[in-house]
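Trainee: I have a model open and want to learn how to read its features. Where do we begin?

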Amino acid sequence: MKASPLLISWHNENQPIYSANFEPHSNKGRFATAGGDNNVRIWRMERDGEQRTVTYLSTLIKHTQAVNVVRFAPRGEMLASAGDDGNTLLWVPSDTHTHTPAFGEDGSEDKETWRIKHMCRSSSGAEIYDLAWSPDGVFFITGSMDNIARIYNASTGQMVRQIAEHNHYVQGVAWDPLNEYVATQSSDRSVHIYNLKTKDGQPTLNQHNKIIKMDLPARRISTSSPAPPEPSPRPHESVESASFAPASPAPSMPGTPASLALPMNPPLISHSRRSSFGSSPSMRRSASPAPSMPLPAVRPMENSPNPYMVGISGVKNASIYANESYTSFFRRLTFAPDGSLLFTPAGQYKTSNPTNGGRNADEVINTVYIYTRAGLNRPPIAHLPGHKKPSIAVKCSPIFYTLRHGHKPTTQITIDTASADDPIPALPDPVMPSRSGANPSPMDPPPPAIPIMPSPNEHSRPTSSPKPIDGDTLAPTPAFALSHRIVYAVATQDAILVYDTQQQTPIVVVQ
């Protein structure tokens with residue numbers, strides 16, 4: 001895998017870009033962007049050897065307000081866009097070609113023409129913040145500002161189900177790639193997970209879990225001194241249940257590696273629907289760590305004793321997601337491409353610290369909470385603490401990568417976006433060797449994954465922190481026990497952090 005920076009600044013008046021999406025399983029290298037100029041733009045990524053260039057293809061002009069999300073259907077034959085005008089537009093390529101100049105001083109012409117197949121609009125006309133397709137492309141789900149998630153039939157444009165169980169904006173939606181769950185995330189500080197079944201061609205939903213609060217152990221990233229060494233892990237605990245994750249009856253994506261039900265000493269979860277949007281005067285944000293501070297890393301959700309955390313206590317019945325004062329429109333959660341993990345942004349990890357006055361002051365640390373497929377009805381198994389700013393989205397690469405030998409040190413990249421004329425620094429060297437043989441398309445579909453049934457001693461839970469490794473002869477301590485490696489990125493309000501499931505520290509941090 002080779003990464004190189006590409007800059008796109010063709011949205012009008014330097015308006016923000018809220019969404020970008022590649023057409024899956026296509027050799028055309030086509031992708032779409034959307035943003036605050038009310039437009040959707042289509043591009044093609046071309047390559048010549050190791051070089052990548054972007055060619056403008058088309059502008060889709062029908063939205064009347066900002067376009068918040070754009071997503072290609074799983075087979076790429078259709079494009080969905082939605083935004084502040086409350087409309088979801090389903091676009092398909094058209095045989096009719098126009099030669100009208102598109103935009104810009106150079107009078108670039110559209111090389112493709114797209115037409116609207118369906119326009120879907122709810123009765124409320126509320127702004128739409130996120131959209132996700134079912135893996136077979138038959139349905140899609142949207143999340144709106146009227147606190148409702150809606151499921152539509154893509155072939156008819158008709159709404160077939162709505163979920164009206166959130167108390168505030170639905171800012172993120174995700175559809176399980178094995179077509180067994182859907183998940184929604186809201187500014188009411190909750191994540192809802194639903195069992196999904198299809199009967200007579202129509203989806204039916206039953207609530208699987210509602211995640212609002214939990215008891216947090218006394219575990220945190222220190223923001224006043226470099227990270228202390230990790231204490232020795234606790235002795236291995238007995239497995240609560242020997243049952244494996246249920247197999248999908250008809251998966252529409254590669255099968256997920258089965259995982260055991262995990263012994264987490266799970267904290268109690270409050271299922272109260274009441275949301276707390278207030279902010280305690282004693283609550284303070286964690287200070288932004290200096291460059292010498294520890295990197296954000298995968299941490300297991302366990303109450304491990306830590307001698308460096310003297311005087312710090314856990315918090316009972318704590319909200320684990322940010323409230324409505326969180327300054328973002330998006331909380332874009334996502335499933336891993338094999339369905340093995342669910343990543344949820346906008347997480348908060350609260351600890352209680354004693355003060356000179358004798359009272360405890362709460363400290364909030366930004367994080368991402370991670371759930372396993374076998375534990376979607378349980379507390380998160382891990383989290384990613386230490387981000388300077390709140391996280392707003394998580395996205396996985398659709399490709400399954402082979403396991404890597406040797407630890408990949410984190411590369412720090414700083415990009416100055418004040419001027420589009422300034423060169424962008426080169427991204428790090430590839431973490432995977434280039435494939436030999438014929439040049440594959442940059443949009444090749446992911447290779448099939450071979451499910452591996454773990455032994456009773458194997459876990460999908462995070463392991464203890466990795467030890468330094470000299471050379472590349474030893475593989476890094478895996479963060480998750482998978483037969484392959486999944487690469488995923490976390491977008492915060494000021495950085496992009498790229499991780500993989502094989503190591504706990506990021507591969508690269510771009511800010």
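Mentor: With burial. A residue counts as buried when its relative accessible area is under 20%. Keep in mind that this is a predicted model.

Trainee: How many residues of strand 28 are buried?

Mentor: Five of the six residues in strand 28 (residues 487-492) are buried, so the strand is largely enclosed by the rest of the structure.

Trainee: Which strands does strand 28 pair with?

Mentor: Strand 26 (residues 391-396) is joined to strand 28 by five bridges, and the two run antiparallel. Serine 391 faces threonine 492 of strand 28 there. Strand 29 (residues 496-500) is also antiparallel to strand 28, again with five bridges. In that pairing, valine 487 has aspartate 500 of strand 29 as its bridge partner.

Trainee: How many residues lie between strand 28 and strand 29?

Mentor: Three residues, and the two strands form a hairpin.

Trainee: Now a sheet. What is the strand order in the open sheet of four strands?

Mentor: The general idea comes first. Side chains in a regular strand alternate between the two faces of the sheet. Here the order is 5-6-7-8, with antiparallel pairing. Strand 5 (67-72) and strand 8 (114-121) are the edges, each pairing on one side only. On average, neighbouring strands of this sheet are turned by 20° against each other, direction ignored.

Trainee: How many bridges hold strand 7 and strand 8 together?

Mentor: Seven, between strand 7 (residues 87-93) and strand 8, in the antiparallel sense. Asparagine 87 stands opposite arginine 121 of strand 8.

Trainee: On to rings. How many aromatic pairs does the structure hold?

Mentor: There are 13 aromatic pairs. Take tryptophan 43 and tyrosine 56: they are edge-to-face, with 5.8 Å centre to centre and 75° between the planes. The pair links distant parts of the chain, from strand 3 (residues 40-48) to strand 4 (residues 51-60), and its members are 13 residues apart. Both tryptophan 43 and tyrosine 56 are buried.

Trainee: Which residues do ring pairs link into a cluster?

Mentor: Tyr18, Tyr129, Tyr169, Phe329 and Phe330.

Trainee: Last one. Is arginine 373 buried or exposed?

Mentor: Arginine 373 has a relative accessible area of 5%. The cut-off for buried is under 20%, so arginine 373 is buried. This residue lies in the loop between strand 24 (360-372) and strand 25 (382-383).

Trainee: What does the side chain of arginine 373 make a polar contact with?

Mentor: The side chain of glutamate 180, at 2.6 Å.

Methods. Residues are numbered from 1 along each chain as its sequence is written. This is a predicted model: local features need pLDDT of at least 70, side-chain atom pairs count only at pLDDT 80 or more; totals for chains, interfaces and linings use all residues. Side-chain values use heavy atoms; hydrogens and water are left out. Buried means under 20% relative accessible area, exposed over 50%, partly exposed in between (1.4 Å probe, protein chains only). A polar contact is a pair of N or O atoms within 3.5 Å; within protein, one must be able to donate a hydrogen and the other to accept it, and residues adjacent in sequence count only if both atoms are side-chain atoms. Rings of Phe, Tyr and Trp (its six-membered ring) pair if their centres lie within 6.5 Å; planes under 30 degrees apart count as stacked, over 60 as edge-to-face and the rest as tilted. Two strands pair if DSSP finds at least two bridges between them. Axes are lines fitted to C-alpha atoms, for helices over the stretch in contact, and angles run from 0 to 180 degrees between N-to-C directions.
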